[in-house]
Amino acid sequence: ACAPGTGVGEKAGKDSSGKTAVTVASLKVSATVPVEIAQRKGFFADEGLDVTLKYVEAAAAVPSVVGGEADFTILNAPAVLAARSNGVPVVGVSVLSTANEDPADSPLRLLATTLKDPEDLEGKKVAVDTLFQLPDLTLRTALRSKGVDPSEVEFVEIPFPQMKEALTSGQVVAADMTEPFATGAEQDKRLHTLISNAEGQTTDWPHTVSLGSEAFVKGNPEVVAAFQRAMDAAVAYTREHPDEARAIVPTYTAVPAELAKAINMPTWKSTVTQKGWQNWADVLREEGAVKGDVDVSGAYVQQK
Amino acid sequence: MPESVKDANPGTGAVTAGPAALLEAQGIARSFPHRNGSVTPAVGDINLSIAKGEFVAIVGPSGCGKTTLLRCLCGLLKPDSGKLRYNGEPVDGVPDDVAVVFQEYNRSLFPWLSVRRNVEFGLTELPKPERRARAEEALQRVHLADVPEHYPWQLSGGMQQRVAIARAIATSPNLLLMDEPFASVDAQTRMRLEAMTASISTELGLATLLITHDIDEAVFLADRVIVLSPRPSHVVAEVVVDIPRPRDALEVKAMPRFQEYRRLIHDVIVNTESSTSATADSPVPARALGTQPERSA
Amino acid sequence: MPESVKDANPGTGAVTAGPAALLEAQGIARSFPHRNGSVTPAVGDINLSIAKGEFVAIVGPSGCGKTTLLRCLCGLLKPDSGKLRYNGEPVDGVPDDVAVVFQEYNRSLFPWLSVRRNVEFGLTELPKPERRARAEEALQRVHLADVPEHYPWQLSGGMQQRVAIARAIATSPNLLLMDEPFASVDAQTRMRLEAMTASISTELGLATLLITHDIDEAVFLADRVIVLSPRPSHVVAEVVVDIPRPRDALEVKAMPRFQEYRRLIHDVIVNTESSTSATADSPVPARALGTQPERSA
Amino acid sequence: MRHRLVHVGKGLTGLLLLVVLYEAGRASGVFPDEAMPSTIAIVTSAFQEVFSGSLGTATGDTLHAWALGLLSACAVGIPAGMALGASRWADSLAKVTVEFLRPVPAVALVPVAVISFGLEIGMQVFLIGFACLWPVLIGTRHGVRAIDPLMIDSARMLGLSRREIAVRVSLPATAPAIATGVRLAASLGVVVAVAAEIVTGSPGLGQYLTQAQQGGDDAAAFAAVLISGVLGLTVNALFVAGENRLAGWQQQSTEGRR
Amino acid sequence: MRDLARSAASFTAFLLLLAGWQLAGRNDTTGLLPPFSDVAAEVVAILTDERLTSDVLPSVLRALLGFALGSFIGVTVGIVLGWWRSLDPWLRPPLEFLRAVPPPALVPIAVVAFGASDTLRVVVIALGACWPVLLNTTDGLRRVEAGYIDSARVYTSGRATAVLRRAALPAALPQITSGLRIGLALSLILMVISEMIASSSGLGYLILQSQRLYALTPMYAGVLILAFTGWLLTLLFSAAERRALVWFEGMKGRNHA
Ligand SMILES: Nc1ncnc2c1ncn2[C@@H]1O[C@H](COP(=O)(O)OP(=O)(O)OP(=O)(O)O)[C@@H](O)[C@H]1O
Ligand SMILES: Nc1ncnc2c1ncn2[C@@H]1O[C@H](COP(=O)(O)OP(=O)(O)OP(=O)(O)O)[C@@H](O)[C@H]1O
Ligand SMILES: [Mg+2]
Ligand SMILES: [Mg+2]
């Protein structure tokens, strides 16, 4: 399928076994483990979906659904809103995870060397992986909740794998890490967690979500509904079987099995409210990630 | 064939070639513009015709525009003005059956091809064995049969020049243009090559235009010698050489006639140069000597 | 200065040059290896010496290794064997006061420099006005004073060759090596350039080695003419030309002596070629003719 | 044979120097010890992963996309470069467009490439081809311009048509310059292939590298770097061999006389 | 006159390309290909607000600095390899190895060695852009007509550096500039790549950040500015080149003069 637009708005076809063929462009990160579970545990099949998994990096995720290369893909909620606000016709279809109930369980956290108080961050250099993506936005939200003005902090982009080095060599005073880097770094006695990215948020804030193109979602309500049900079931299963999920992570990501046992996971939860989405819209606007209004109505398919 | 002696009357008299004229040039002029706006006039105004099978030699001072003229005649360079007909057709691009030996032979050979393949280069339409045979024959004629697998840059200057000659004659052209083709070969080889040139042009009824600096060579080889003035060049004299063919080098060069022609041409050149560019009528009684040339072929 | 007549005894007799020998070559040999493992021997075994202020001409068949020899003599090419001394010192790299006119003049001028700057190329250590003056003088000598701002590729073949000569003489060398420097210039200009070469070499006490194909030229210009055999080349004969200087072209060429020298050299060449490579002792009584040359300087 | 061995020996010595420098950097603390595994660890990891792990497949994937990308760049770049070099009109016609497209980074084209070519190899080939096109095009154009005009004249004189001249004169005469351009493009192609994989997540060395980095397996990450370096080295060696066959005349014709 | 016609044709061809873009953008349903008119408006916006001085100019400056440094490295090492040929077998393999290492893979080393600074970015650009210059210098020097070298050896009395400076380099200059041309465009591309890491401003950052947030109009505006910069720089470069290489064009174009 190379021609642009093929598949967009078209009815998803049924294959020979009577199942609906669906392509999901997934990411090789631990946050997408429900997708793996849905595939391996047969949740997709139960809903009559014959899913082909393709792996992409975040940059290719949205183009793959709007270009018709895949029917669904996985991203984080603020990215979906940002894309929509820029006129890219994508719609969230289900939620995979939300902010952690207990901030201490968050896979995302800010590690520091000497600083003890988040307020000391003002005027200092802090490493984030990518500006205005989920980790960065959650950190800003967390800081605000502690009364720190993020605009006073100098954020620099340093890839996760190099963060520890940047910290210990003194290039930055703190670094916002994710798993498995955070767990790995915490084993170094010189580093400690300064603040969890989940501070100031509730489980109503969607984090990882699945999405499709507007045309596909409009044109295939049954497929979308089936996909939603399968994903929700998989999310519930994941929540209930954390150890199984941890065992699956190393099979499709590069997280070493040892580390996978120790890492933090997000809260696996598939129900959020419009308020939850609206939170992100407000953050995006406040932090200047998008210009103009972010309209959350229509940004996601209502839960059935 | 030149009907009779020509009076060099540049700028005015058009040379009317007979029905057999192979190449006919009228009022050819060419100059080179420079970046700063100035212009170097090279070829002034030249009328010229070569009959089928005729051997014409051109002599003239260094830098007078001989090479430029030759490049115009074979359609490689567009003259600024003038008419050019080959076989009665206006020239537009290089005609098929014209071969050229360039003065800068070392830059005209293809360095990525062996000597043999350089010579075979123009013969693609022939089947391979014949191509090879022709190339070998041509190389033999220039006494280079022993280095077919060498590359041009492995050859001495004189050898390269001979390869260029072989490449030209291998195509069995109807008109052969040669720009100082023997400049870099030794006296012995030169004599042999001159003899070869004379014999193939006679044998094959090949029309030849030879640019040379050697008056002896011009007289020995040509039916007609054209003397050019310094830049911007025009024809100062045309001398019809009336020595019967086949000509034997030693014999011919001993003839008093030969000496006369030689002297005549030499004088024309000296006179032209000294009178800077005394044009109009040739100061030399070229007419006096010229008669209908006889050709053995 | 060559003490007396030399017997060409290649491979055996070392030429012992007197105390004034400027360049001395003993047993120079050079061959070219090919990819396929075969070898082209170019220079066989050559002994040679040039005295201060002496004018030596080399003649030999095309491809015999003259250019290769010249490149060895000026340190551009390492001979496979043999000893080379310049001013008594072993040659390693090109000596300061040697100038060369290459056979491939069109590849030896720098296309990115104007004619004037090409001629000035070897004069960097001089202050600018003097450099310019010297370049102008040299260009005048070769009759090219009117094109100093042209680029070499805007010149005719003969003009380029003259620029190369100007570049060489502008450096006021002690030894001038010239590889067929007049091959592409017309007869008139050639005579003038020959005269010029003779006069500056006499005036400046300049030693000159001239490679030429023109036996007349060799005899007219040289104190000594060296005849080479075909490849792999060795010295077949050395002819000491005993004609007093200054020599006037017309006068000299009319001398019976001149004709004798000419004939002699011609015969040597013809004999050598026919006896394929009859080496060892020169079949020609070169000794008979040679005497101590007189120089006017 | 002996000569060749000596040659290879010199090259290995040069590479050894690189290893020594790297280890010296580690030992002196200029390079952080933890982030940069030892040479032995890297080489071991490379061997293990190539023969047992997924590095072998990843290398294959990268090579596949690279080869197709480079081929398409040549297929477009060489004829286009020859046209631009030979015809002033073609050159000026394309000039502004070419100069505008040239500085466009391949990564910026990812969205367009995914939309137009999908997630499969076609997208990668497009990105690699786009990046490799310019060195080939510019190199060829330069080569055609540098042809001695007298050679073209000779071919015209021998009765060749424009097309024949392009194939039988311009192409061989330009071969050395094309070879330089392609050599440049070849290693640029490896770089872009890896970068494209990093950005889009298509399978290959780049994705392997990201995954290894994400997993904190530094030795594996460096093994991927090592392999891409070795790939570049091999590709270059192949090209040098090919160049000697196709364009050796130039080297010899200039060096033979020195 | 003729030049004028040529430039006109050139721009017409370019405008056709833009028209094609506009058309494709208008018909785009994916939201990922904005029409040219929107992008052009965004370009104007970027160039007139503070992003000109905060993002565009510093980045272009870094690209130029990196290009200068890369050219210097490329020419220098290229001369070493092309002129002192005996060094080639030793140095070539490690260099070819380094050449094939993708810059993103070098980030760890670079970040650690130079910190997340402008120096890092300039060095990344320089190390990437030096290769075309290096290769073309080396090859250009190897292909210098032997006759020029001979002449220069005679008239500079064989001083190797003089032969190099006065004959080999000028003769190789056309090919070196061909390498510089590629390097110049590559510098701009590498500027974007260099801003992938550890940056929070710059033209490359603008492009990448816009891409991540699916703000395709500013992204293409950034690309357009990049392309425009490249074109301008090439124009300047060509002017300089024309002056330096009059002889080359004249010599090669003489048939058709
Ligand atoms: N490309 C060019 N640009 C400018 N001037 C040129 C060009 N080509 C030739 N000329 C000039 O035209 C004149 C004639 O040159 P041409 O090569 O035709 O002379 P020629 O008669 O062949 O001389 P020679 O006997 O020395 O080869 C010369 O003065 C030369 O400087
Ligand atoms: N680079 C090279 N590689 C292989 N063979 C060469 C090379 N250079 C010269 N030769 C061979 O060496 C021999 C002598 O060449 P050289 O150029 O010295 O001859 P020459 O006497 O100058 O001839 P001419 O009078 O024709 O210029 C020739 O047979 C030639 O083929
Ligand atoms: Mg000429
Ligand atoms: Mg020679």
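Biologist: Which residues does T32(A) touch, leaving out those up to four places away in sequence?

Modeller: Contact means heavy atoms within 4.5 Å. By that criterion, T32(A) touches S26(A), L27(A), I74(A), L96(A) and Y252(A), residues up to four places away in sequence not being counted. Please note the conventions: this is a predicted model, in which local features need pLDDT of at least 70 and side-chain atom pairs count only at pLDDT 80 or more, while totals for chains, interfaces and linings use all residues. Residues are numbered from 1 along each chain as its sequence is written, chains are lettered from A and ligands numbered from 1 in the order in which they are written, and side-chain values use heavy atoms, with hydrogens and water left out.

Biologist: Where is T32(A) found, and is it buried or exposed?

Modeller: Helices (H or I, at least four residues) and strands (E, at least two) are DSSP runs, numbered from the N terminus. T32(A) lies in the loop that joins β1 (20–26) to α1 (33–40) in chain A. Buried means under 20% relative accessible area, exposed over 50%, and partly exposed in between (1.4 Å probe, protein chains only). T32(A) has a relative accessible area of 2%, so it is buried.

Biologist: Which backbone oxygen does the side chain of T32(A) reach?

Modeller: A polar contact is a pair of N or O atoms within 3.5 Å; within protein, one must be able to donate a hydrogen and the other to accept it, and residues adjacent in sequence count only if both atoms are side-chain atoms. The side chain of T32(A) comes to 2.8 Å from the backbone oxygen of L27(A).

Biologist: How is the size of an interface often given, and what area do chain E and chain D bury between them?

Modeller: It is often given as the accessible area lost when the parts come together. Buried area here is the accessible area (1.4 Å probe) that two parts lose on being put together, summed over both. Chain E and chain D bury about 6,500 Å², with 69% of it on carbon and sulfur atoms. In chain E, R6(E), F97(E) and R143(E) lose the most area to chain D, together 10% of what that side buries. The contact involves 72 residues of chain E and 71 residues of chain D.

Biologist: How many salt bridges does the rule find across the interface of chain E and chain D?

Modeller: A salt bridge is a side-chain nitrogen of Lys or Arg within 4 Å of a carboxyl oxygen of Asp or Glu. The rule finds two across this interface. R183(D) and D139(E) meet in a salt bridge at 3.2 Å, N to O. Helix α10 (residues 216–244) of chain E supplies eleven residues, the largest share of the side of chain E that touches chain D.

Biologist: Which residues of chain E does the UniProt annotation "transmembrane region" cover?

Modeller: UniProt positions are given in the numbering used here, feature names are shortened, and annotations may be inferred rather than shown by experiment. The unreviewed UniProt entry places this feature at residues 60–84, 182–208 and 220–240 of chain E. In the model, residues 220–240 of chain E are 100% helix and 0% strand, with end C-alpha atoms 30 Å apart.
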